[in-house]
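Please examine the protein shown here, together with its sequence.

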Amino acid sequence: MTVHQPQPDLQAAPAPADMVMAQPVEMTDGIGCHTGKAAMRAAATKAGLGETLERYAADYPAGPHDKPQSMCPAFGSLRVGLRMRRTATILSGSACCVYGLTFTSHFYGARRSVGYVPFNSETLVTGKLFEDIREAVFKLADPELYDAIVITNLCVPSASGVPLRLLPKEINGVRIIGIDVPGFGVPTHAEAKDILAGAMLAYARQEAELGPVQAPRGGKSEKPTVTLLGEMFPADPVGIGMMLEPMGLAAGPVVPTREWRELYAALDCAAVAAIHPFYTASIREFHAAGRKVVGSAPVGVDGTAAWLAGIGEACNVPADRVAAAQNAILPAIRGALASRPIKGRITLTGYEGSELLVARLLVESGADLRYVGTACPRTEWSDADREWLEARGVIVNFRAAIEQDFAAIEEFKPDLAIGTTPVVQKAKEQGIPALYFTNLISARPLFGPAGAGSLATVINAALGNKARFDIMTEFFAGVGTGYNAGIWQDTPHENPDQRKRLEARAIKAKRAAEEIP
């Protein structure tokens, strides 16, 4: 692993003599990316990770199908760590996985290095990989550079029982956070963000219980604060702060935070707003700190009115001040919605966790929304949004499979499909305008008048592209389908005789296989 500073003598920090190492996993051709999910889970349980997997299963239930089809879950926790100041990140996993994760993280704007501890079958089975990780952590633990180091086990080290829990909790004043984020135990990258955020909150809460801690960079707020749980557009916390001001409250830090010291301020709040409702581990830490949690978000007219009332109740704000806050913001939201109506049938899918909030805003904007699918699970903190949408005839599908999202497009024939990359591709193949949820919808303000206006602008622009899609569909009709598929040196043409010969050969081979005893 590449290190940036001269390193201390590691002989001063030998592994404890009484350290109990996890038992090596019995391997045949090895635990690897080719191994089935069930086998990897069984191996991880045998190697001592059973309790962690059970907690993940309870926190992030998989739902009726095996697992949503989204990107590697570790990307979520990796991105959280890379966005934090004075935080180093180390990955432990197969080289191909580490390459993909680092490539994706830099594609999304990371501007720092990702540490990697390589391994082979021998170092994995003998426990040498853990020793290598421990050595790398000691080399990197420079308090002049870092507040914390995050080490993440990917699938293979998790299945093989590499025991990050045995790492020191602190080295030279640098906090050490070890987490397991295996694809066979964590359903989505959105929930992996909660795994790291929850681990950091747990560590920070224990520090705060022991004595004074560092104040936020901007100083402690003079007003009681509301911590905002879940990643959001940078302008949204500012807008939420303006909504809270008539109630004598202020917007607190956004969790996941951008710096370790913000964790203390996040815990030192009057209430927590679960903007993203699936942060189960983080909510558990806030509850342990005695904080109340309020679901939903200030989205649209109905959502904002209900959310402000819920925050007021949680923070013991007098009813007249809650009413003042509602009266100050709701007319502006109503005006923004009325000035930019959305007319068209829409289906919506995504895996970020804010899908139901976007759905509410679409409905209040006048859209004929038929279906919203999210890869995230249903929780009590999303119940208010689910009930509101279902009361208006919208199908809400948690832990949605991509096949269900495709089926929604086939059934409802929307004027616009909002979704993940394959959903967008599926829609455009049918000549339906489509928008990528992550980059074009969730990466813009959602709350207050700004949210209503911003969303309507991009949606209406996409709806207006239907005529262009019709022209392109007509122009490219038949290209790349049927006998036209593939790469040709000459103009492709249909060959029905060859097709018949191939079909007959396939039938003959099938019959021969069936006759084999």
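The points below are grouped by topic.

The model is predicted, and local features need pLDDT of at least 70, side-chain atom pairs count only at pLDDT 80 or more, and totals for chains, interfaces and linings use all residues. Residues are numbered from 1 along each chain as its sequence is written, and side-chain values use heavy atoms, with hydrogens and water left out.

**Overall form**
- The secondary structure comprises 20 helices and 14 strands; helices (H or I, at least four residues) and strands (E, at least two) are DSSP runs, numbered from the N terminus.
- The C-alpha trace spans about 80 × 70 × 40 Å along its principal axes.

**The largest pocket**
- A pocket is an open set of points on a 1 Å grid over the protein atoms alone, where a 1.4 Å probe fits, with protein on both sides within 12 Å along at least five of seven lines; lining residues have an atom within 4 Å of a point.
- The largest pocket has a volume of about 1300 Å³, where volume is the space filled by probe spheres set on the points, and grid points are joined across faces, edges and corners.
- Its lining has 49 residues, of which M232, P237, P253, V254 and P256 are the closest to the centre.
- The elements that give two or more residues to this lining are α2 (74-82), α8 (235-244), β7 (250-255), α9 (261-267) and α17 (437-441); the largest share, 5 residues, comes from β7.
- The lining of the largest pocket has 24 nonpolar, 12 polar and 13 charged residues. Here Ala, Val, Leu, Ile, Met, Phe, Trp, Tyr, Cys and Pro count as nonpolar, Asp, Glu, Lys and Arg as charged, and the others, Gly among them, as polar.
- P256 lies in the loop between β7 and α9, and a cis peptide bond with omega of about 5 degrees joins V255 to P256.

**The second largest pocket**
- The second largest pocket holds about 810 Å³ of space.
- Of its 35 lining residues, R55, K169, G178, I179 and A199 are the closest to the centre.
- The largest share of this lining, 8 residues, comes from α1.
- By class, the lining of the second largest pocket has 18 nonpolar, 8 polar and 9 charged residues.

**Packing of two helices**
- Helix α13 (residues 355-364) and helix α18 (residues 448-463) pack at an angle of about 80 degrees, with their axes 10 Å apart. Axes are lines fitted to C-alpha atoms, for helices over the stretch in contact, and angles run from 0 to 180 degrees between N-to-C directions.
- The helices α13 and α18 are therefore roughly perpendicular to each other, a label for angles of 65 to 115 degrees.
- V358, L361 and L362 in α13 meet G451, A452, L455 and I459 in α18, where contact means heavy atoms within 4.5 Å.
- This contact has 6 nonpolar, 1 polar and no charged residues.

Note on methods: Parallel < 35°, antiparallel > 145°, perpendicular 65-115°, else oblique.
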